[in-house]
Amino acid sequence: MAGRPARVLPGAGLRRTSGAATVECVRGDITAQDDVDAVVNAANARLAPGGGVAGAIHRAAGPGLAEEAMPLGPMGPGEAVITGGHGLPNRFVIHTLGPVYGQDRPEAELLARCYRTALALAEENGASSVAFPAISTGIFGYPIEEAAEVALQTVRDEAEGLRVVRLVRFVLFSEGDLRAHERALSEAF
Ligand code: APR
């Protein structure tokens, strides 16, 4: 349930602590993160339901999510907005638009901006735990190893400045994606 301190699960994947924040990588589904305040949506510019993460989040949240989110759009790559969680077990959904690999440039800077902006919104809204999917690595085609490095390095750079967020969790869909993020976590922290 949102608002409870995040559980520490034995064998839940790799975990590192930086300042007051813990960063961890787990394999799972972004819609099943019952113990975090905010989940991040790999959204489209219109903030409409889509495939992948966006499809799963909108299906689980129900139509109220699109009703709240779509008037906040359109957004550009690297931008983010926040809404309620509706039917999800989380207080908030933070919607961010990742770069399309090979099209929105500079990709790495735009992807880093997604993580920075999402964390800033979590801080401003009092979310102490945030779960991210691997933004841009599905339909938007960002190679998983490169994206994992950008994601973990950005969170490392932000970690010292976090005052509210205590847990950042990366939720990866496949074993290979989990391994790429665990490698990047070990290198960054
Ligand atoms: N939980 C966690 N991860 C998931 C889930 C899920 N339920 N579903 C998919 N993933 C993984 C994918 O395997 C991929 O590694 O999330 C990553 C991001 O994939 P996408 O959802 O395709 O996101 P992205 O590449 O940023 O593309 C966004 O896709 O659905 C459309 O409307 C959306 O246009 C937008 C685009």
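For the residue classes used here, Ala, Val, Leu, Ile, Met, Phe, Trp, Tyr, Cys and Pro count as nonpolar, Asp, Glu, Lys and Arg as charged, and the others, Gly among them, as polar. The model is predicted; local features need pLDDT of at least 70, side-chain atom pairs count only at pLDDT 80 or more, and totals for chains, interfaces and linings use all residues. Residues are numbered from 1 along each chain as its sequence is written.

By these classes, the shell around the ligand holds 12 nonpolar, 10 polar and 2 charged residues. Of the 24 residues around the ligand, Ala-42, Asn-44, Gly-50, Gly-52 and Gly-138 come nearest (a residue is near a molecule or strand if its C-beta atom, placed from the backbone, lies within 6 Å of it). Helix α1 gives the largest share of this shell, 5 residues. Helices (H or I, at least four residues) and strands (E, at least two) are DSSP runs, numbered from the N terminus.

Seven strands form an open sheet with mixed pairing, in the order β1-β2-β7-β6-β3-β5-β4. Two strands pair if DSSP finds at least two bridges between them. β1 (15–18) and β4 (80–84) stand at the edges with a single partner strand each, so one side of each is left without a neighbour in the sheet. From one strand to the next, the twist averages 20 degrees. Strands β2 (residues 21–27) and β7 (residues 167–172) pair in the parallel sense over 6 bridges. The bridge partner of Arg-27 in β7 is Leu-172.

α1 (residues 52–61) touches β3 (38–42) and β5 (92–96), and its direction makes about 130 degrees with that of β3. α5 (residues 175–188) touches β1, β2 and β7, at about 155 degrees to the direction of β2. Axes are lines fitted to C-alpha atoms, for helices over the stretch in contact, and angles run from 0 to 180 degrees between N-to-C directions. Contact requires C-beta atoms, placed from the backbone, within 7 Å.

α1 is mostly covered, with 7 of its 10 residues buried (20 or more other C-beta atoms within 10 Å of a residue's own, with C-beta atoms placed from the backbone). These are Val-53, Ala-54, Ala-56, Ile-57, His-58, Ala-60 and Ala-61. They pack against β3, α2 (63–69) and β5. Just after α1, Gly-62 takes a positive phi of about 90 degrees.

In α4, the buried residues include Val-150, Leu-152 and Glu-158. The buried residues of α4 pack against β1, β2, α3 (107–124), β7 and α5.

Key: Two residues are in contact if their C-beta atoms, placed from the backbone, lie within 7 Å. A residue is buried if 20 or more other C-beta atoms lie within 10 Å of its own, exposed if 12 or fewer, and partly exposed in between; C-beta atoms are placed from the backbone.
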